[in-house]
Amino acid sequence: MPELPEIEAWRRALNDPISAFPIEKAGPAHIATLKTFDPPLSALEGRRFAGAERRAKRLLFPTDDGELVLMIHLMSAGRVRYLLAGESGPKSPAFRLRFEGGGELVLTEAGAKKRAGVWLLAPEEAEAELAHLGPEAPGLGTERLGEILGAESRRLHSLLRDQRAIAGIGRAWANEILHTAQLSPYATSTDLVPGQVKALADAIDSELQRGLELRERGAKDAKVYRVHNKLGEPCHVCGTPIARVDFEEHTIYYCSECQTGGRVLKDRRLSRLLR
Ligand SMILES: [Zn+2]
């Protein structure tokens with residue numbers, strides 16, 4: 001799933017092209033992709049976007065008259081692209097938006113499951129849709145992060161992925177951040193000592209920044225991630241093979257030398273716990 005660095009890189013790339021011209025034709029959209037029907041997509045036609053914004057893992061395109069916001073959540077497999085006039089693109093994207101001048105914004109989704117979503121909202125409706133989200137992950141700082149960690153006793157990997165607590169991190173960047181902070185994915189949030197809270201706050205900032213810089217240069221997963229999906233490959237810090245464990249519905253990657261004091265983590269899949 002694209003997370004904050006990926007979405008933010010796309011936001012930056014889309015900001016200028018999507019605000020250069022008014023919208024000529026909005027839609028069509030796949031029936032499962034379009035989540036709202038009032039106002040209709042055609043309400044966008046003739047208006048111009050003020051630019052591209054981002055909140056957590058969502059892209060937001062407010063119109064420059066302040067009346068509408070187009071919101072896109074890509075989920076796991078959704079991707080957005082801006083096509084220049086005349087550039088060939090997908091035949092039947094999940095959502096298409098054509099601008100005067102001929103450019104197009106297209107949303108595609110790999111696989112049969114349509115989980116990505118497009119919403120057309122009034123600004124106050126958009127605000128309500130986003131109200132449950134926690135603060136953005138970058139720049140949280142030690143004090144604020146300490147409050148979030150202390151609010152409830154949670155496993156760190158699970159807490160970092162919880163958008164209501166901290167917005168923008170998913171399973172891939174949780175793996176990268178915890179490795180950099182040298183913390184176990186299973187560590188309990190309320191057990192961290194001040195030095196560990198600081199290490200985690202610093203790792204959130206440095207890893208998301210590293211990811212954003214690489215994504216803006218077009219780097220692919222294999223180069224961007226150093227721990228995530230790297231089972232058996234040597235840890236870039238100590239050389240120990242990266243390990244993997246299933247936790248809840250996720251697969252966690254970690255280094256047993258750097259993060260868990262040599263201990264191998266036990267499988268905690270929900271399916272196994274429920275047996
Ligand atoms: Zn290591």
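Start with strands β6 (residues 95-99) and β7 (residues 104-109) of this predicted model. They pair in the antiparallel sense, over four bridges. Pick out phenylalanine 95: its bridge partner in β7 is leucine 107.

Four strands make up an open sheet, ordered β1-β6-β7-β5, with antiparallel pairing. Look at the edges: β1 (23-29) and β5 (78-83) each have a single partner strand, so one side of each is left without a neighbour in the sheet. From one strand to the next, the twist averages 15 degrees.

**The aromatic pairs**

Show the aromatic rings. The whole structure holds five aromatic pairs. Go to phenylalanine 49 and phenylalanine 61. Their ring centres are 5.6 Å apart and their planes stand at 40 degrees, so the pair is tilted. Phenylalanine 49 sits in the loop between β1 and β2 (53-55), and phenylalanine 61 in strand β3 (residues 58-62), so the pair ties together parts 12 residues apart in sequence. Both phenylalanine 49 and phenylalanine 61 are buried.

Move to tyrosine 186 and phenylalanine 247. This aromatic pair is also tilted, at 5.1 Å centre to centre and 50 degrees between the planes. Tyrosine 186 lies in the loop between α5 and α6, phenylalanine 247 in strand β9 (residues 243-248), so the pair ties together parts that are 61 residues apart in sequence. Tyrosine 186 and phenylalanine 247 are buried.

The arginine lies over the face of the tyrosine, 5.4 Å from the ring centre. For another such contact, select arginine 215, which lies over the face of tyrosine 225 at 5.5 Å from the ring centre.

**The nonpolar cores**

Select Leu145, Leu160, Ile166, Ile169, Ile177, Leu200 and Ile204. In the largest nonpolar core, of 30 residues, these touch the most other members. Colour α3 (141-151), α4 (156-161), α5 (171-180) and α6 (194-216): each supplies at least two residues of this core. The most come from α6, with seven residues.

Centre on isoleucine 177. Beyond its neighbours within four places in sequence, isoleucine 177 contacts Leu160, Ile169, Leu200, Ala203, Ile204, Glu207 and Leu208.

Finish at the other core, which lies apart from the largest one and has 25 residues. Select Ile18, Phe49, Leu68 and Val80, which are among its members.

How values were computed:
Residues are numbered from 1 along each chain as its sequence is written. This is a predicted model: local features need pLDDT of at least 70, side-chain atom pairs count only at pLDDT 80 or more; totals for chains, interfaces and linings use all residues. Side-chain values use heavy atoms; hydrogens and water are left out. Two strands pair if DSSP finds at least two bridges between them. Axes are lines fitted to C-alpha atoms, for helices over the stretch in contact, and angles run from 0 to 180 degrees between N-to-C directions. A nonpolar core is a set of buried Ala, Val, Leu, Ile, Met, Phe, Trp, Tyr and Cys residues joined through side-chain atoms within 4.5 Å. Buried means under 20% relative accessible area, exposed over 50%, partly exposed in between (1.4 Å probe, protein chains only). Contact means heavy atoms within 4.5 Å. Rings of Phe, Tyr and Trp (its six-membered ring) pair if their centres lie within 6.5 Å; planes under 30 degrees apart count as stacked, over 60 as edge-to-face and the rest as tilted. A charge sits over a ring if NZ of Lys or CZ of Arg is within 6 Å of the ring centre and within 35 degrees of the ring normal.
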